[in-house]
Structures are given as structure tokens and as C-alpha cells.
Amino acid sequence: MKMTTVAFIGLGNMGGPMAANLAKAGFNVRAFDLSEEALETAKSNGCEVAFSAQEAATGADYVISMLPAGKHVRGLYVEGDTPLFEVIKKSALVIDCSTIDADTARSVAAEGEKLGIGFVDAPVSGGVGGAQAGTLTFIVGGSEAQFEQARLVLDVMGKNIFHAGDHGAGQVAKVCNNMLLSILMAGTCEAINMGVKNGLDPAVLSEIMKQSSGGNWALNVYNPYPGVMENAPASKDYQGGFQVDLMIKDLGLAMDVSQQSASAVPMGSAARSLFTLHKAKGNGKLDFSSLMQFYQDKEG
Ligand code: NAD
């Protein structure tokens with residue numbers, strides 16, 4: 001049987017381990033990144049290294065990208081001297097796993113369609129730990145047939161694979177989730193801080209709220225108060241986890257979606273302001289649960 005070839009473009013914190021998992025599962029992975037270091041790591045993880053994105057993508061059955069923002073994705077597939085859409089074979093499927101604006105995802109998908117090439121948005125949730133463990137959540141936007149085609153490779157890198165709807169729907173669902181997460185985290189920090197200022201033990205208060213109507217994901221697995229949960233970033237000086245900078249990026253994308261659709265997001269915009277003020281104190285690289293320190297009025 002012919003081996004399935006996957007071109008993987010963008011081997012950073014997320015893409016590197018995702019490509020490694022595909023190689024480990026027996027796919028022929030042709031990897032490309034602008035960084036030499038990332039290419040070296042990919043090679044040691046069983047990937048074949050390509051000299052350009054074009055070389056990686058030519059003849060590949062799947063092309064996966066994991067890039068910083070919409071301009072990189074558009075630049076790769078549609079713009080430049082040799083846009084990737086000019087070299088990708090027609091039966092191939094492009095899966096963009098980057099978190100980008102839904103408009104770019106839709107417009108790049110439409111450009112691909114004109115050339116007979118399928119393109120789905122498949123942003124992820126689960127962070128670097130999920131990428132390494134192969135337990136990411138993928139939120140896919142595209143047709144039913146494209147979703148089925150994507151599953152073959154997504155199943156290797158993830159645990160939960162959702163079909164959110166048509167092109168762009170994956171990106172919209174992703175920012176809805178992260179906006180909600182930012183609101184839940186801010187509310188959780190706010191409530192714990194008020195309790196502690198009134199003499200409560202943060203662990204006792206957290207347990208009460210967890211079992212009561214205020215229970216939420218942050219209280220269940222990601223308590224923002226140091227020492228309450230041994231393995232949470234809060235107990236490791238807010239190192240690791242999901243950076244404030246990345247949360248602010250996702251909240252910016254959420255604000256774009258709200259503006260374009262005239263959806264009211266007063267809670268989301270308040271959360272965005274809180275995280276931005278927290279970043280301004282020099283906390284951009286800390287885990288997002290460090291917003292606790294903002295309420296405690298601690299310098300970063
Ligand atoms: P990163 O900065 O570590 O990696 C991006 C990689 O893309 C870099 O290695 C860079 O050299 C490469 N790159 C940029 N332009 C390129 C091009 N034209 N051709 C080839 N390579 C190119 O970022 P990351 O943390 O891996 O995040 C990637 C995407 O995943 C982002 O959209 C981010 O929002 C999203 N995301 C990240 C996390 C996380 O926890 N890090 C979680 C969920 C989603």
C-alpha cells in the first residue's frame with residue numbers, strides 16, 4: 001500500500017510535536033519551517049526535511065500548516081512567487097490548524113476551491129501538552145466530505161475532533177470558547193480574591209464554589225490561586241500553560257468576530273481589557289491564570 005505523505009509547514013511549539021506524532025504513527029512527513037533549529041528537531045523526530053514549503057507540498061496527500069496568524073497563512077497558500085495552491089495536487093486536502101481570523105480562513109478556502117483544492121480550518125485547543133501527548137481537540141470548519149478526509153490525520157494528533165460547520169466555523173467556535181474561558185478565569189480570580197480578603201482559605205472557598213453553582217473549568221482543573229492545586233501553573237510561579245499573550249491574541253480575534261456580526265460582547269471586552277492591563281505590567285509570558293495577581297494588585 002502506498003504510504004500517505006503529509007507536508008507539515010510551521011514546526012513551532014505546537015507544530016513540532018504534532019508533526020512528530022504523525023511520523024511516529026507511520027506517515028511519511030515532509031516538514032518545513034523558516035527556522036533551522038525547528039528543522040533539526042523535526043529530523044530527529046523522524047520527519048523528512050524539505051528545503052521549501054513548495055518542495056514539501058508537491059505531491060503530498062495532506063498539507064498541514066501551524067502558523068502564527070492569518071497573514072502567514074494567506075502568504076503561504078495564495079500570495080508570493082509560488083503560492084502553495086499552485087503546487088498542491090487536486091486530490092490533496094489542506095488542513096490549517098493555526099488560530100487565525102475566520103475571514104482569512106473563508107477566503108483562502110474559496111481560493112483553493114477555485115483550483116479544485118480542499119481547505120479546512122482546524123484550530124486546536126489543548127496547548128503544547130496536548131500537542132505532545134496527541135490529545136488535542138480539533139475544531140473543524142469545512143464540508144462533511146472534507147471533515148471525513150481530515151479525520152485520518154487529525155485522529156493521530158488529537159482526541160476530540162469536532163465538525164463545527166462550514167469554512168470559518170472552526171475559527172469562530174474556537175474564539176467563542178476562548179472568550180468564555182477568559183471570562184470564567186477572570187470571574188474565578190475575582191471571587192477567590194474577594195473571599196481571601198475576607199479571611200477565607202482559598203482552598204476551602206474553591207472547594208465550596210466547585211461543588212456549588214459557581215463551579216467551572218478553572219476551579220475544576222486550573223485553580224489560579226497558588227498552592228490550591230499542585231499541578232496547576234499557579235503553583236509553579238505561573239510558568240508553562242497558556243500565555244497571557246496568546247489569550248490576548250485570541251480575544252482580539254473574538255472582538256473582530258463580534259464587530260463583524262454586531263454581537264454584543266461586554267463580558268468578553270471586559271476580560272480583554274483586564275488581560276491587556278495585566279500584560280502591560282510585564283506579565284505577557286506568564287500563564288493566563290496569573291490574572292490572579294492583577295486582583296491581588298501584585299507587580300509582575
Ligand atoms: P510558534 O511561534 O512557536 O510557531 C510558529 C512557527 O511557524 C515558527 O517555528 C515559525 O518559524 C514558523 N513560520 C512562520 N512563518 C512561516 C512560513 N512562511 N513558512 C514556514 N514556517 C513559518 O507558535 P505556536 O505556539 O506553535 O502556535 C502556532 C499556532 O497555534 C498559532 O496560531 C497559535 O495561536 C495556535 N495555538 C497555540 C497554542 C499554544 O499553547 N502555543 C494553543 C492553541 C493554539
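Tutor: Start with the largest pocket. Helix 8 gives the largest share of its lining, 6 residues. The model is predicted, so local features need pLDDT of at least 70 and side-chain atom pairs pLDDT 80 or more, while totals for chains, interfaces and linings use all residues. Residues are numbered from 1 along each chain as its sequence is written, and side-chain values use heavy atoms, without hydrogens or water.

The largest pocket holds about 1300 Å³ of space. A pocket is an open set of points on a 1 Å grid over the protein atoms alone, with protein on both sides within 12 Å along at least five of seven lines; a cavity is a set where a 1.4 Å probe fits but cannot get out; lining residues have an atom within 4 Å of a point. Points join across faces, edges and corners, and the volume is the space filled by probe spheres set on them.

Which residues are closest to the centre of the largest pocket? They are Met14, Met66, Thr99, Phe242 and Leu246, out of 42 lining residues. Two or more lining residues come from each of helix 4, strand 7 (124-125), helix 6 (127-133), helix 8 (169-197) and helix 11. Helices (H or I, at least four residues) and strands (E, at least two) are DSSP runs, numbered from the N terminus.

Next, the make-up of this lining. It divides into 22 nonpolar, 15 polar and 5 charged residues. Ala, Val, Leu, Ile, Met, Phe, Trp, Tyr, Cys and Pro count as nonpolar, Asp, Glu, Lys and Arg as charged, and the others, Gly among them, as polar. Domain 1 (5-165) and domain 2 (172-296) each give at least three residues to the pocket lining. Those bounds come from an automatic or database domain assignment.

The structure holds 1 cavity of 30 Å³ or more. The largest cavity has a volume of about 40 Å³. Its lining is Asp101, Ala102, Asp103, Leu253, Asp256, Val257 and Gln260. Helix 5 (102-114) and helix 11 (244-261) each supply at least two of its lining residues. Helix 11 gives the most, with 4 residues. By class, this lining has 3 nonpolar, 1 polar and 3 charged residues. Why does the largest cavity lie between domain 1 and domain 2? Both domains give residues to its lining, so it lies between them.

Gly215 and Ala102 are 113 residues apart in sequence and 31 Å apart in space, C-alpha to C-alpha. Gly215 sits in the loop between helix 9 (202-211) and helix 10 (217-221). At 35% relative accessible area, Gly215 is partly exposed. The cut-offs are under 20% for buried, over 50% for exposed and in between for partly exposed (1.4 Å probe, protein chains only).

Tyr238 is in the loop between helix 10 and helix 11. Its phi is positive, about 60°, although Tyr238 is not a glycine. Most residues other than glycine have a negative phi. Tyr238 is buried, with a relative accessible area of 3%. Ala262 is in the loop between helix 11 and helix 12 (266-283). Ala262 also has a positive phi, near 50°. Ala262 is exposed, with a relative accessible area of 72%.

Trp217, Tyr222, Phe242, Phe275 and Phe288 form one aromatic cluster. Rings of Phe, Tyr and Trp (its six-membered ring) pair if their centres lie within 6.5 Å; planes under 30 degrees apart are stacked, over 60 edge-to-face and the rest tilted. By this rule there are 8 aromatic pairs. One of them joins Phe85 and Phe119, edge-to-face, at 6.4 Å centre to centre with 80° between the planes. Phe85 is in the loop between helix 4 (70-77) and strand 5 (93-96), and Phe119 is in strand 6 (residues 118-121), so the pair ties together parts 34 residues apart in sequence. Phe85 is buried at 5% relative accessible area. Phe119 is buried too, at 1%.
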